[in-house]
Amino acid sequence: MEQKRTKEEYKKWSQQQAPRTPKARNLIMAFFVGGIICTIGQLILRALLNTGMPKDDASSLTTLFMIFIGAFLTGLNVYDDIGRVGGAGAAIPVTGFANSIVSPAMEYKKEGYVMGVGARMFLIAGPVLVYGIISSIVVGIIYYLVTR
Amino acid sequence: MGTRLGKQTIRLDSKPVIQSWASIVGAKEGHGPLGRYFDEIIEDEYFGEKSFERAESKFLRETLAKTLMKGGVSAGDIQYIFAGDLLNQCVAANFGLRESEIPFFGLYGACSTMAESLTLGSLMVEGGFAERCVCITSSHFCSAEKQFRFPLEFGNQRPPTAQWTVTGSGGVMVGKAGDGPRVVHVTTGKIVDMGITDSNDMGSAMAPAACDTITAHFRETNLPLNHYELIVTGDLGIHGKNLCLKLLEENGITIGDFYDDCGVMIYDQKKQKTDCGGSGCACSAVVLAGYILEKLSKRELNRVLFVATGALHSPITVQQGESIPAIAHAVGIEMV
C-alpha cells in the first residue's frame, strides 16, 4: 500500500487516538485496595502481639497469614477481580505475590505436576525472585562496606 | 472457472453458494448483543471436557456436525474441510476433526482464518474440484489467554486497547448449487507491517492491513463504494475500526455509513467490560455464521464484504521485540 506515513509516524498517530488508561481512577483504586490489604495485615499483627507473641515471630506469622489469604482468594477465583480493580495496590503486597504463584500452578495443572505445576509455577514470580535476590545481594555488599 | 481481476482479486463466475452455516458460542458471547443469532450457547467454559484445549476442539467438532445437519448432508458428502484456530500447531482443528474422515487442510491466518478458509473453499468449488467444502474456525478465551497472555486467575489489569478473545466456533458449507448467499469476489490480503510492537494493541497493528485489502478490492473490482450494504472487518475493535475508517478516507474510500467491525458488534463493551471489543478466529466466524448469513438469507442485507483481519505474531516474537505483521482477506458475499 502506498503509505502516507512512515512506521514511526503511524505508531505516533495511532497512539494519539488510542483510548487512554484512566490514570487518576487507577491511582485512587490502587491506594484504597492496597491500603485495605495492608490494614488487614496490620490488624492480624496487632492481634498476634496482643497474645504476647514476640514482635519478630508475630510479623513472620502475619506474612504467612497474608500469603494464605492471597492464595485462598486466588483459588476461589476472586483475586483476579481484586487485581483488575486494584492494579498495583493488589499486586505489590505479599498477597499479590501469592496470586502470581498460585494462578499459574492452577492453570498448568492439566500439563502434569512436574512439567506443568512444577515448571510453570514461577512463570510470573520467577523474574521477581531472580532480581529480588540479586538486588538484596548488591545492597548487602554495600551495607557491609559502608558499616565496616 | 473464475476470472482474475487484478493482483489480489478473483471473480468467481459460478458464484459458489453458502448452503448452510452454524455457530456455537460461549456464555459471554451468548449474553452479548448478537446472542439470539447463534445456534447454541454453551455456559460451561469447559464444555464438559477436562481442559480448555479439548473444549475448543469440541466447539469446532460440534459446529461441524451442526453445519452438516443444517445442510442436510453427511460427512461423506464433503470433499474438503478448511479449518484453523489460534493454538500452537492448530491443535483445536487437528484434534477436533481427527474423527471426521474428511480430507483436511489446516490453516493459520490468526484471526483472519475464517475469510482465508472461505476463500479457499470457494475457489475449490469454483474450480470444480469439490461439490461441497466446509470452512470452519474456532477460538477460546481461556486457551488463548493461556497461550498468549497470563494465567486466568492472575490479578493483572487489562490495558484499554486490549481485546477479548471470543469463545466459540463458526462454520459454513460452500457448494455448487442452491439458493443461499453466494461468494462472488475474493480478495487475498498481503502481509502489512506498520511497526506496531504492543501485543495489547492489535487494532493499531491490523487496521493498515484491513485498509490495504479493502482498497485493493475496490480498485480491482471497479465496484462503486455503495455496492455493499455492509462492509465488516473481523476484529479491529473500537480503536482499530476508528483508525481503519480514517486510513480508508485518506485513500478516498468513505464507507462510514455502512462499515462495522465484528469485534465491536459481538460484545456490549460497557456492560461486558471487554475494553476495545472481541478478537480471535471465532470472532469473525460466529458473526458471519450467526448474524451476517442470517441477514443475507432473509434478504435484510443483499451484499456484504466480509474482511477478516489477523495479527501474525507469536508470544516469542513479541518478547524478542519484533513488530506485529498483519493480514486481511476480503470475501464479497451477495444474494443473487
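**Terms and their grounds**

Reply: Chain B is divided into domain 1 (3–175) and domain 2 (182–334), the bounds coming from an automatic or database domain assignment. This is a predicted model, in which local features need pLDDT of at least 70 and side-chain atom pairs count only at pLDDT 80 or more, while totals for chains, interfaces and linings use all residues. Residues are numbered from 1 along each chain as its sequence is written, and chains are lettered from A and ligands numbered from 1 in the order in which they are written.

Me: What makes B:Ala205 count as buried?

Reply: A residue is buried if 20 or more other C-beta atoms, placed from the backbone, lie within 10 Å of its own, exposed if 12 or fewer, and partly exposed in between. B:Ala205 has 28 C-beta neighbours inside 10 Å, and therefore counts as buried. This residue lies in helix H6 of chain B; helices (H or I, at least four residues) and strands (E, at least two) are DSSP runs, numbered from the N terminus.

Me: Which residues does B:Ala205 touch, leaving aside those up to four places away in sequence?

Reply: They are B:Ile196, B:Ala311, B:Ile324 and B:Ala326. Contact requires that the C-beta atoms of two residues, placed from the backbone, lie within 7 Å.

Me: Why is H8(A) said to lie largely in the open?

Reply: Of its 23 residues, the number buried is zero, so H8(A) lies largely in the open. Helix H8 (residues 125–147) of chain A reaches 32 Å from its first C-alpha to its last, close to the expected 33 Å; the expected span is 1.5 Å times one less than the number of residues.

Me: What makes strand S3 (residues 17–26) of chain B mostly covered?

Reply: In S3(B), 10 of its 10 residues are buried.

Me: How do you know that S3(B) pairs with strand S9 (residues 168–175) of chain B?

Reply: Two strands pair if DSSP finds at least two bridges between them. Eight bridges join S3(B) to S9(B), and the two run antiparallel; B:Val17 has B:Gly175 as its bridge partner there. Three bridges join S3(B) to strand S4 (residues 40–42) of chain B, in a parallel arrangement, with B:Ile24 opposite B:Glu40.

Me: How many residues of chain B are in contact with chain A?

Reply: There are 28, which meet 30 residues of chain A. The largest share of the chain B side, five residues, comes from H6(B).
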